[in-house]
Amino acid sequence: MSTWLITHEDCLEHDTGSDHPERIARLEAILTALSAPAFADLHRKAAIAAPHEALAAVHDAEYIERIFAAIPASGRQHINADTVVSAGSREAALKAAGAGIQAVDAIQAGEARRVFCATRPPGHHAEPDESMGFCLFNNAAIAAFHARQAHGIQRVAVVDFDVHHGNGTQTMFQGQEGLFYLSLHQHPLFPGSGTRAENIPGNIFNLPLPAGTGSEAYRQQFHGEAISALIDFDPELLILSAGFDAAATDPLAGLELTTEDFAWITDELVAVANYCCGGHICSMLEGGYDLKALADGVAAHVAGLMR
């Protein structure tokens, strides 16, 4: 089985403005990096659009309509302080959510073993009824609920290594038997959630890290606590909220990881997937706002998924 790259040109039409952190140039930098000869064996697919029922599995119907109604016919529109939509945002958001559905289907059909979804806008801050943190729909949660509803997968884990806590995914997973949300993130930092006090055995596991945390301390926490908790959950499918904003040069946070750390994180998660669930991983792009660190981190991550 091959490793897939799912993306779509519509995701380049989500125009937040060139000065916005979550800008078109992010995806352009990633696709340039993944055009290198080292990635010639990636099976490249165009993302499908998520159907309404997949969005409605995790989001309120009124919220979905409110997001679509806010998208302008031209120009850009702020829907809150940090989240911007443009005329191309509807199709971009549908493709970003649809990519995870497509990845899960390909994995379950035996067509792919691991998939990286290079799409935007990101998703892990999107709540059932609220957009925030550059996110419109919660792509990882949509993929997880689809895996359960369409394929009968009993245990799905989302591992979130974005530097910001995925408050939306936690909300959607909280109290749901058979779903496990694991997040390593800087705290305190936007959105302010993700303390250990919020942890629920076998369901929610937050590992908050202070600003300035570098490679050694991060790896100790990841290998010593996160991997153990993930193996204890024993997922049948592993979904990654793959953020690259824990890089030392990222302008929106204060962790100090390197490209080599993202390669190491990937190797650790691949090893868990190989042990628990036949190597099956659906990885979905979240944050990362220094373009070089983002491109280098994604390249290291995808190279690890291909091994």
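Colleague: Where is the place of Pro 191?

Modeller: In this predicted model, Pro 191 has its place in the loop between β7 and β8, and a cis peptide bond, with omega about 5 degrees, joins Phe 190 to Pro 191.

Colleague: How should I read a cis bond, and which other proline has one, with omega near 0 degrees?

Modeller: The general idea is that most peptide bonds are trans. Here the bond from His 187 to Pro 188 is cis, with omega near 0 degrees, and Pro 188 is found in the loop between β7 (179–186) and β8 (204–209).

Colleague: Turning to the backbone angle phi, which residue has a positive phi of about 75 degrees although it is not a glycine?

Modeller: Most residues other than glycine have a negative phi. Phe 134 has a positive value of about 75 degrees, and its place is in the loop between β5 and α5 (139–151). Asp 234, likewise not a glycine, has a positive phi near 60 degrees and lies in the loop between α7 and β9 (237–242).

Colleague: Is Phe 134 buried or exposed?

Modeller: Phe 134 has a relative accessible area of 13% and therefore counts as buried, the cut-off being under 20%. Asp 234, by contrast, has a relative accessible area of 31% and is partly exposed.

Colleague: Next, the helices: which residues of helix α1 are buried?

Modeller: In α1, which runs over residues 24–33, the buried residues are Arg 26, Leu 27, Ala 29 and Ile 30. Because they cover an arc of only 160 degrees around the axis, they lie on the same side of α1. Their cover includes the strands β1 (2–7), β5 (112–118) and β10 (281–285), together with helix α9 (291–306).

Colleague: At what angle do α1 and α9 pack?

Modeller: The angle is about 40 degrees, and the axes are 9 Å apart, which means that α1 is oblique to α9. The crossing of this pair is right-handed. On the α1 side, Ala 25, Arg 26, Ala 29, Ile 30 and Ala 33 take part, and they meet Leu 291, Leu 294, Ala 295 and Val 298 of α9. By class, this contact has eight nonpolar residues, no polar ones and one charged residue.

Colleague: Finally, how do I read the surroundings of a loop residue, and what does Pro 72 touch?

Modeller: Pro 72 lies in the loop between α3 (61–70) and β3 (76–78), and it is buried, with a relative accessible area of 17%. Leaving aside residues up to four places away in sequence, Pro 72 touches Gln 77, Val 85, Ser 86 and Ala 87. The C-alpha atoms of Pro 72 and Gly 88 are separated by 8.8 Å, while these two residues are 16 residues apart along the chain.

Key
Residues numbered from 1 in each chain as written. Predicted model: local features only at pLDDT ≥ 70, side-chain atom pairs only at ≥ 80, totals over all residues. Heavy atoms only, no water. Buried < 20%, exposed > 50% of the residue type's maximum accessible area, 1.4 Å probe, protein only. Helix = DSSP H or I, 4+ residues; strand = E, 2+ residues; numbered from the N terminus. Arc of directions from axis to C-beta. Contact = heavy atoms within 4.5 Å. Axes fitted to C-alpha atoms, helices over the stretch in contact; angles between N-to-C directions. Parallel < 35°, antiparallel > 145°, perpendicular 65-115°, else oblique. Left-handed = near helix turned anticlockwise from the far one by under 90°. Nonpolar A, V, L, I, M, F, W, Y, C, P; charged D, E, K, R; others polar.
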